[in-house]
Amino acid sequence: MARFLSVTLGGLSGGMIYAAVALSLVLIWRATRVLNFAQGAMAMFTAYLAYKVLEHGGSYWVALLVALASGLVLGAFVERVLVRPVENGPPLNAVVVTLGVFIVVEGLAGMFFGGTPHRYPTHFSNVNYRVGDVSALAPFDIWVIVSVLVVAVLLGLLFRYTDVGLRMRAAAFEGEVARMLGVRVGRMLTLGWALAAVIGALAAVLVSPNVPLSPTSMDEVFVFGFTGAVIGGLDSPVGAILGGVGLGVLLNYVAAYAGSDLQTLSALAVLVLVLMIKPSGLFSTTATRRV
Amino acid sequence: MAEGAGGLSLEVKDLVTSYGAITALNGVSLSVPAGSITAVLGANGAGKSSLLRSLSGLVRPRSGSVLLDGKEIAGRAPEDVVQLGMSHVPEGRGVIAELTVDDNLRLGGLWRKDKADRSAALEEAYALFPPLDQRRKRLAMTLSGGERQMLALGRALVARPRVLLLDEPSLGLAPRITAQIMGLVRRLCDETGLTVLLVEQNARSALSVADHGVVLNLGSVVASDDPAKLAADDNLRHAYLGF
């Protein structure tokens with residue numbers, strides 16, 4: 001029982017990182033109906049920039065800030081310059097563009113930073129707290145969980161209670177109507193991508209102490225985040241977070257009780273199962289609109 | 001139809017719009033005096049909605065001129081046109097179903113800098129449409145057809161437009177509700193000087209409130225006259241208006 005509890009709690013921090021990636025994918029999906037396959041790669045690139053700051057003596061916090069800021073710029077750039085021209089075309093065009101961005105960004109990272117994995121420092125202790133026989137949740141894990149939760153809540157407040165949030169929701173739901181009401185829809189889509197890339201950057205900085213930073217280090221994280229997003233329903237931010245966390249805990253069970261080689265396979269199994277039972281995702285409510 | 005300088009809110013000249021090889025508007029000209037209602041009538045496919053979409057910028061016209069209070073706006077983007085004072089209530093109403101009534105209404109005025117007047121306009125819209133006032137926090141998807149029309153109309157008014165483009169407001173509504181909406185539009189014109197271009201398939205109810213009528217057929221104006229004269233013209237009625 002103690003082991004089970006330890007494993008469950010241990011899955012939370014990994015799950016929160018998948019949740020962050022899932023949330024960023026959902027943001028982009030809701031805004032532009034594009035699945036951004038480059039999301040992980042873009043996040044990896046911002047984490048490298050943060051790592052460079054650390055190498056040059058910057059603090060953990062300055063490095064984090066650099067990652068988030070460069071995510072903002074990178075996300076806006078990719079949407080405005082690369083995705084915008086194909087946004088109104090067939091969906092496959094945008095998919096091909098984001099796959100292209102994925103390949104280019106990983107290639108550039110290899111050129112600039114080399115292929116050797118770097119261990120990103122934690123700043124927080126990685127030693128688990130112990131209560132009786134239960135050992136889990138190091139201070140670093142708490143930092144991961146809290147920071148993702150704070151970002152998610154801030155995002156929720158932004159969407160629900162601010163004018164910009166209302167504009168973004170309107171642009172996402174009914175672009176043409178929003179334009180007729182004076183909303184600069186293009187700007188809202190760029191902003192959506194930018195915010196999503198910020199969340200991606202956070203996820204990359206948070207995961208890199210455990211998954212050493214390399215040009216491909218975010219690939220698996222992206223796949224798990226994507227799986228979490230699909231489980232939750234690509235339309236549902238809350239679903240994305242629950243899907244990501246749920247998947248993180250599940251994968252920790254698999255690693256603990258069946259062997260870590262089976263993690264990726266079981267993520268795929270869950271994905272297929274959810275798609276078979278409820279293709280729109282467990283928490284999606286807007287699957288059947290368009291009257 | 002004097003070409004008076006100050007009196008015309010909206011002046012359209014030789015507007016041509018096409019979708020690929022298909023011509024939707026074939027040189028449409030019309031002018032709407034300030035504070036009046038002009039009804040645009042015609043059968044399905046006559047180009048009525050295309051006319052409104054070209055005016056509000058949703059479709060870029062191929063050629064021609066659109067003057068809004070004397071200012072050329074042809075080819076401007078829809079988000080600019082609304083900020084220049086012309087609001088478009090689309091066919092099927094364009095209410096955003098996933099947003100609450102209040103969010104929908106607020107959205108209409110969000111671009112305006114004057115926050116105090118923004119909320120004043122919002123409360124005016126609620127006063128104008130009591131059913132919306134009672135449902136502020138409800139999702140727009142839960143509203144009836146009539147309430148949705150009210151919401152779309154109220155949302156356009158929150159922008160305090162000088163010119164309102166109304167596309168088929170009677171579509172799918174009970175006659176009583178239609179009459180209510182038409183009466184309200186008339187009142188807004190008389191009381192606030194709002195200028196309205198009203199597109200309708202329901203010619204009878206549109207002509208009952210309009211100051212002027214224009215009949216479109218296959219993208220061209222085939223008649224432009226006093227509403228009473230249009231309604232009295234048997235040939236026109238049978239050929240284009242269906243009543």
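Predicted model: local features only at pLDDT ≥ 70, side-chain atom pairs only at ≥ 80, totals over all residues.
Residues are numbered from 1 along each chain as its sequence is written, chains are lettered from A in the order in which they are written, and side-chain values use heavy atoms, with hydrogens and water left out.

Okay, the interface. Chain A puts in 17 residues and chain B puts in 23, with contact meaning heavy atoms within 4.5 Å. Together the two chains bury about 2000 Å², and 58% of that is on carbon and sulfur atoms. Buried area here is the accessible area, with a 1.4 Å probe, that two parts lose on being put together, summed over both. So who does the burying on the A side? A:Leu166, A:Met180 and A:Leu181 supply 34% of what chain A buries against chain B, more than any other three residues.

A:Arg169 makes one with B:Asp103, with the closest N and O atoms 3.2 Å apart.

Which elements of chain A carry this? Helices, by the way, are DSSP runs of H or I, at least four residues, numbered from the N terminus.

Moving away from that, look at the nonpolar patch on the surface: A:Tyr129, A:Ile142, A:Val146, A:Val150, A:Val153, A:Leu154, A:Leu157 and A:Tyr161, with about 780 Å² of accessible area together. Patch residues have over 30% relative accessible area and no salt bridge, and nonpolar side chains are joined within 5 Å; the areas are Shrake-Rupley with a 1.4 Å probe, only the protein chains shown counting as cover. Helix α5 (residues 139-161) of chain A brings the largest share, 7 residues, and A:Val153 lies in that helix.

Last stop: over all chains we count 25 salt bridges. Inside chain B, B:Asp102 pairs with B:Arg106, closest N and O atoms 3.9 Å apart. They sit 4 residues apart in helix α3 (residues 101-109), so about one helical turn separates them.

Notes: Salt bridge = Lys/Arg side-chain N within 4 Å of Asp/Glu carboxyl O. Patch = residues over 30% accessible without salt bridge, like charges linked within 9 Å, V, L, I, M, F, W, Y side chains within 5 Å. Helix = DSSP H or I, 4+ residues; strand = E, 2+ residues; numbered from the N terminus.
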